[in-house]
Amino acid sequence: MNQLVTAFTESMVAFAATNIDDIIILLLLFSQVDANFRRSHIWVGHLLGFSIIILASLPGFFGGLFVQREFIGLLGILPIIIGIKQLVTKEQENTQIQAVTTDLKGSSPANPILAFICSILHPQVYKVAAVTVANGGDNISIYIPLFAGQNLVTLGVILGVFFFMVGIWCVTADLLSRQAPIAYVLSLHGKTFIPFILIALGLFIMYERGTFSLLMSIKI
């Protein structure tokens with residue numbers, strides 16, 4: 001039970017720390033919704049892009065099956081370094097989002113099944129997915145140490161929380177698309193805490209996997 005609670009806590013912290021910027025991106029995307037660019041394109045595209053990021057991070061889990069858990073905890077240094085770098089440089093990320101509208105026109109099929117398939121295959125979906133992957137490339141550095149050292153059950157908990165939060169993020173951005181000033185203020189101040197959250201996450205990963213005990217046992 002403790003492992004499940006730990007996995008749930010780690011996944012919530014990791015997702016929030018690595019996806020604050022996605023609120024602004026999704027907000028901008030939802031603000032462009034029209035007859036040719038639908039909400040379903042954003043939902044499917046964002047889910048597809050996030051799934052690609054997850055797949056790229058899974059080597060951390062498979063590597064953890066063969067490496068001692070205490071050594072895996074050393075990967076926690078990655079989010080610590082990223083957090084410290086953000087504190088030192090104090091650089092603000094300037095994410096440029098290309099317009100995702102196109103000149104494609106046409107009516108959707110009347111059949112709901114065909115309409116859903118066309119929605120998945122729509123070029124807009126892949127554009128949204130590309131934006132999601134481009135913005136979330138750094139997430140892989142955080143997810144690899146998070147996945148490493150997990151078992152199938154705790155990994156399932158983490159992935160379940162992640163994809164549930166993707167849905168929450170989309171719903172929130174859709175609602176805030178009519179209140180852009182509020183979304184901007186939340187995201188602007190949210191970035192202030194990200195470095196500290198990343199450092200705390202890295203320290204927790206090292207602690208939970210027994211890395212500190214390993215380092216203290218080494219005799220110099």
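**Confidence**

I'm working from a predicted model, so I looked up pLDDT before anything else. The protein chain averages 74, and 74% of the residues score at least 70. Going through the elements, I found the highest mean pLDDT, 91, in helix α10 (residues 152-176). The lowest mean, 54, belongs to helix α7 (residues 112-121). I also noted residues 92-111, where pLDDT stays under 50. For that stretch the model has 29 contacts beyond four places in sequence.

**α1 against α10**

Next I checked how helix α1 (residues 2-18) sits on α10. Their axes are 9 Å apart and the helices pack at an angle of about 35°. I have the crossing down as right-handed. From α1, the residues I listed are Gln3, Leu4, Ala7, Phe8, Ser11, Met12, Ala14 and Phe15. On the α10 side they meet Val153, Thr154, Val157, Ile158, Val161, Phe162, Met165, Val166 and Trp169. Sorted by class, this contact has 14 nonpolar and 3 polar residues, with no charged ones.

**α2 against α3**

Then I turned to helix α2 (residues 20-30) and helix α3 (residues 39-57). Their axes come within 10 Å and cross at roughly 150°. That angle is over 145 degrees, so I wrote α2 and α3 down as roughly antiparallel to each other. This crossing is right-handed. Asp22, Leu26, Leu29 and Phe30 of α2 make the contact with Arg39, Ile42, Trp43 and His46 of α3. By class I get 5 nonpolar, 1 polar and 2 charged residues for α2 with α3.

Definitions and conventions
Residues numbered from 1 in each chain as written. Predicted model: local features only at pLDDT ≥ 70, side-chain atom pairs only at ≥ 80, totals over all residues. Heavy atoms only, no water. pLDDT = per-residue confidence, 0-100. Helix = DSSP H or I, 4+ residues; strand = E, 2+ residues; numbered from the N terminus. Contact = heavy atoms within 4.5 Å. Axes fitted to C-alpha atoms, helices over the stretch in contact; angles between N-to-C directions. Left-handed = near helix turned anticlockwise from the far one by under 90°. Nonpolar A, V, L, I, M, F, W, Y, C, P; charged D, E, K, R; others polar. Parallel < 35°, antiparallel > 145°, perpendicular 65-115°, else oblique.
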